[in-house]
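Hi there,

Here is the structure I promised to pass on to you. Have a look at it first, and then read my notes below.

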Amino acid sequence: MSSARGSSHARSAAVGIGLVGTKFMGRAHSIAWANAPKFFDLPMTVELACAAGRDAAATHEFGRRWGWRASTSRWRDLLKDPSVTLIDVASPNDTHALLSIAALESGRHVACEKPLARTLKEARAMRDAARLAARRGLRTFVWFNYRRAPAVALAHRLVRDGRIGRIFHIRAAYLQDWGGASTPLLWRFQSGKAGSGAHGDLNAHIIDMARFISGLEFRTVVGGVEETFIRERAFVDVEGSTQRASKSKRPRMGRSTVDDCLLFLARMSGGAVASFEATRLATGNKNRNCIEINGERGSVKFDFERMNELDYWDATRPAAVQGWTRIMCTDPAHPYAANYWPAAHLLGYEHGFISQAADIVRTLGGLEPEVPLPDFSDAYETQRVLEAAQRSARFGRSIPLSTVT
Ligand SMILES: NC(=O)c1ccc[n+]([C@@H]2O[C@H](COP(=O)([O-])OP(=O)(O)OC[C@H]3O[C@@H](n4cnc5c(N)ncnc54)[C@H](O)[C@@H]3O)[C@@H](O)[C@H]2O)c1
């Protein structure tokens with residue numbers, strides 16, 4: 001293990017983070033842990049104790065740059081480090097169950113990236129390990145960060161407070177377009193590493209958002225459709241560089257074993273009906289994580305590409321003045337907004353992670369999060385819906401959630 005600032009002793013009122021994964025989410029989580037104590041008054045201090053990656057030199061450089069006290073190329077070192085009290089799993093999906101269960105067994109809290117796991121079986125093992133560990137006071141968290149966009153948290157509160165009334169429709173889509181033929185065979189296109197493609201990656205988020213905002217649960221999934229449009233992609237080495245066949249300039253090709261898109265319909269508790277679509281081939285859509293909910297008293301509409309805004313329709317107002325209200329969710333009255341900047345000084349992608357890190361520390365310190373945090377049991381419910389939708393697509397029939405356990 002290499003140390004950037006020498007070691008320090010764990011303080012009882014400190015949460016010491018051991019991070020696994022140093023790329024996209026490794027950076028987002030580093031920003032979150034470093035900044036949560038700056039924007040929020042927290043009951044515990046936060047120490048960026050040790051970052052783990054696969055390559056020692058690259059991980060050391062990552063740790064130096066992003067503020068980690070130490071770094072290691074062996075994630076198991078984190079389990080031996082007394083200053084680490086929470087393991088943050090920000091590595092690919094094939095590591096989630098192994099790392100989370102080992103961390104819980106070693107007496108650490110766990111914050112794991114989504115989707116919870118590659119398969120329902122793995123997710124169940126994680127949920128069961130979390131239940132066992134809870135008896136020893138250990139907590140689990142899942143990085144469904146979009147819950148913490150102030151607009152999404154406000155939508156959750158409007159529904160909770162009865163402003164939308166009985167819900168008729170949920171319409172959710174998560175549309176990206178980076179998965180064309182020129183994108184190589186990253187781990188995200190290998191079912192052994194990812195579990196599924198756009199489905200676990202993107203539907204996991206909108207299933208969680210639908211459950212979080214509406215407070216409804218899935219009863220039946222129907223009409224699942226999945227497709228893999230790009231069946232072969234260029235091989236890449238472990239660092240993501242394309243491999244070339246020795247005598248030709250053409251890259252070596254391998255089979256994509258995941259979906260590029262998966263769409264499905266659902267019946268929800270309370271009688272609502274819902275539709276979901278996740279794709280990496282919605283040309284022109286970069287990160288359109290959208291949800292609309294229509295109820296008898298009103299509607300809400302959110303699109304992450306305009307993440308600071310929530311569209312709200314109040315059907316209880318006189319007909320002459322009804323219309324979509326675009327709420328800029330940066331007023332101190334809005335969830336989380338008072339912790340950041342003055343009104344309309346906009347928030348960005350990283351703020352959802354900062355707010356989630358703050359809520360995790362609040363929870364560990366015995367306080368309530370601003371809005372509910374998903375744990376492994378909660379994320380297991382989302383994984384059941386992922387499983388049901390995949391079965392619906394593969395078997396061509398409706399799948400009652402009661403049969404997916
Ligand atoms: N919450 C979100 O919005 C969001 C966004 C992107 C990714 N994710 C999730 O975060 C996780 C990581 O995705 P990413 O985009 O950061 O991937 P990435 O490919 O950018 O980075 C993965 C990192 O994990 C490391 N790694 C891989 N295998 C490892 C192992 N066995 N031991 C230690 N380190 C290992 C790699 O070296 C790399 O640093 C995935 O589960 C993904 O689904 C979540």
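By class, the shell around the ligand is made of eight nonpolar, eight polar and five charged residues. Here Ala, Val, Leu, Ile, Met, Phe, Trp, Tyr, Cys and Pro count as nonpolar, Asp, Glu, Lys and Arg as charged, and the others, Gly among them, as polar. In total, 21 residues surround the ligand, and the closest are Gly21, Lys23, Phe24, Met25 and Glu113; a residue is near a molecule if its C-beta atom, placed from the backbone, lies within 6 Å of it.

Please keep in mind that this is a predicted model: local features need pLDDT of at least 70, side-chain atom pairs count only at pLDDT 80 or more, and totals for chains, interfaces and linings use all residues. Residues are numbered from 1 along each chain as its sequence is written.

Now for the fold. The protein has 10 helices and 18 strands, which are DSSP runs numbered from the N terminus (helices: H or I, at least four residues; strands: E, at least two). Helix α1 (residues 24-39) gives the largest share of the ligand shell, three residues.

Nine strands form an open sheet with mixed pairing, in the order β17-β16-β15-β14-β8-β13-β12-β9-β18; two strands pair if DSSP finds at least two bridges between them. At the edges are β17 (324-328) and β18 (399-400), each pairing on one side only. Inside the sheet order, β8 (residues 167-175) and β14 (residues 288-295) are antiparallel and share eight bridges. Tyrosine 174 has asparagine 289 in β14 as its bridge partner.

Enjoy exploring!
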